[in-house]
Amino acid sequence: MTQSVIVWDIESIPDLKGFALANNLVGSADSVIREKIGDKFPKHIYHSIVCIGALVAHRDDDHWAVDAIGAPHVGERTEKALIQAFVDRIASLTPQLVTFNGNSFDLPVLRYRAMINEVSAPGLSMRPYFNRYTDDALDLCDALSSFNPTGKATLDEISRAMGMPGKPDGVAGNQVESFFLSGRIKEIADYCETDAVNTYRVWLRYELFRGRLAEAGYRASEVDLEGWIKEHGNTKPHLQHFLDV
């Protein structure tokens with residue numbers, strides 16, 4: 001059984017530069033490029049990463065213990081540095097990766113952006129993370145729906161149906177671009193962290209369901225998460241959301 005896990009999520013905006021390079025629009029105004037991209041969800045290669053939210057945990061006897069929760073963002077460092085730090089952490093831990101919709105979005109975007117930014121990421125080849133049907137990179141959206149599109153539910157729906165707080169009010173995934181353009185990058189990062197925590201809690205419930213956590217270990221994992229959030233309440237008040245229910 002894996003001894004470490006990284007539960008992660010990215011937030012992104014349209015990559016105007018990359019789209020311009022690929023579509024003979026170099027030198028055009030940003031407004032022109034954005035109009036050409038259109039209102040539809042851009043292709044994965046045209047997503048620039050704003051932040052990478054991650055919860056890192058390790059197996060401690062019968063339960064999981066949180067080591068870190070964070071969401072470094074491009075307001076602090078370049079996209080290349082953001083990606084490099086994340087893939088280096090993967091290389092050092094060789095963890096199980098857990099996402100919600102990661103096989104369909106986060107993983108391919110990470111790979112595209114690593115290659116575009118000339119990032120060396122051998123850690124992403126240490127385990128078969130890009131093999132859709134292994135648990136090395138577990139996509140809860142796929143697993144819980146048995147890879148059936150009609151069976152899929154959103155992370156917020158699953159969290160709330162299981163009696164968890166779900167997503168906080170104030171920002172949603174479709175608002176990330178407007179928040180970014182308004183300079184509200186830290187708010188995007190905070191939102192990304194809450195997604196990582198929601199995904200972690202659903203994953204813990206899934207581990208209980210699969211028998212990889214006994215009920216006592218599941219409860220202990222939840223208590224450990226609550227303790228971590230309380231301990232870091234001064235620097236991460238947005239995670240207080242998970243203590244209010």
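Trainee: In strand 3, which residue is the bridge partner of alanine 54?

Mentor: This is a predicted model, in which local features need pLDDT of at least 70 and side-chain atom pairs count only at pLDDT 80 or more, whereas totals for chains, interfaces and linings use all residues. Residues are numbered from 1 along each chain as its sequence is written, and side-chain values use heavy atoms, with hydrogens and water left out. Helices (H or I, at least four residues) and strands (E, at least two) are DSSP runs numbered from the N terminus, and two strands pair if DSSP finds at least two bridges between them. In strand 3, alanine 54 has as its bridge partner glycine 70.

Trainee: How many bridges join strand 2 to strand 3?

Mentor: Strands of a sheet pair through backbone hydrogen bonds, either parallel or antiparallel. Valine 56 stands opposite alanine 68 in strand 3. Strand 2 and strand 3 run antiparallel, and the number of bridges joining them is seven.

Trainee: Which are the edge strands of the open sheet?

Mentor: Five strands form this open sheet with mixed pairing, in the order 3-2-1-4-5. Each edge strand pairs on one side only, and the two are strand 3 (63-70) and strand 5 (137-139).

Trainee: By how many degrees are neighbouring strands of this sheet turned against each other on average?

Mentor: Axes are lines fitted to C-alpha atoms, for helices over the stretch in contact, and angles run from 0 to 180 degrees between N-to-C directions. For neighbouring strands of this sheet, with direction ignored, the average is 25 degrees.

Trainee: What angle does the direction of helix 8 make with that of strand 2?

Mentor: Helix 8 (residues 185-210) packs on the sheet and touches strand 1, strand 2, strand 3, strand 4 (96-99) and strand 5. Contact here means heavy atoms within 4.5 Å. The direction of helix 8 makes with that of strand 2 an angle of about 40 degrees.

Trainee: Which strands does helix 9 touch?

Mentor: Helix 9 (residues 215-231) also packs on the sheet, and its direction makes about 25 degrees with that of strand 3. The strands that helix 9 touches are strand 2 and strand 3.

Trainee: Is tryptophan 64 buried or exposed?

Mentor: Tryptophan 64 has its place in strand 3, where six of the eight residues are buried. Buried means under 20% relative accessible area, exposed over 50% and partly exposed in between, with a 1.4 Å probe and protein chains only. With a relative accessibility of 0%, tryptophan 64 is therefore buried.

Trainee: What phi does aspartate 61 take?

Mentor: Most residues other than glycine have a negative phi. Aspartate 61 lies in the loop between strand 2 and strand 3 and is exposed, with a relative accessible area of 70%. The hairpin has two residues between the strands, and in it aspartate 61 takes a positive phi near 55 degrees.

Trainee: How many residues apart in sequence are the parts tied together by the pair of tryptophan 8 and phenylalanine 86?

Mentor: Rings of Phe, Tyr and Trp (its six-membered ring) pair if their centres lie within 6.5 Å, with planes under 30 degrees apart counted as stacked, over 60 as edge-to-face and the rest as tilted. The whole structure holds seven aromatic pairs. Tryptophan 8 and phenylalanine 86 form a tilted one, 5.1 Å centre to centre and with 45 degrees between the planes. Because tryptophan 8 lies in strand 1 (residues 4-14) and phenylalanine 86 in helix 3 (residues 79-93), the pair ties together parts whose separation is 78 residues.

Trainee: How far from the ring centre of phenylalanine 130 is the charged end of arginine 111?

Mentor: A charge sits over a ring if NZ of Lys or CZ of Arg is within 6 Å of the ring centre and within 35 degrees of the ring normal. The charged end of arginine 111 sits over the ring of phenylalanine 130, and its distance from the centre is 3.9 Å.
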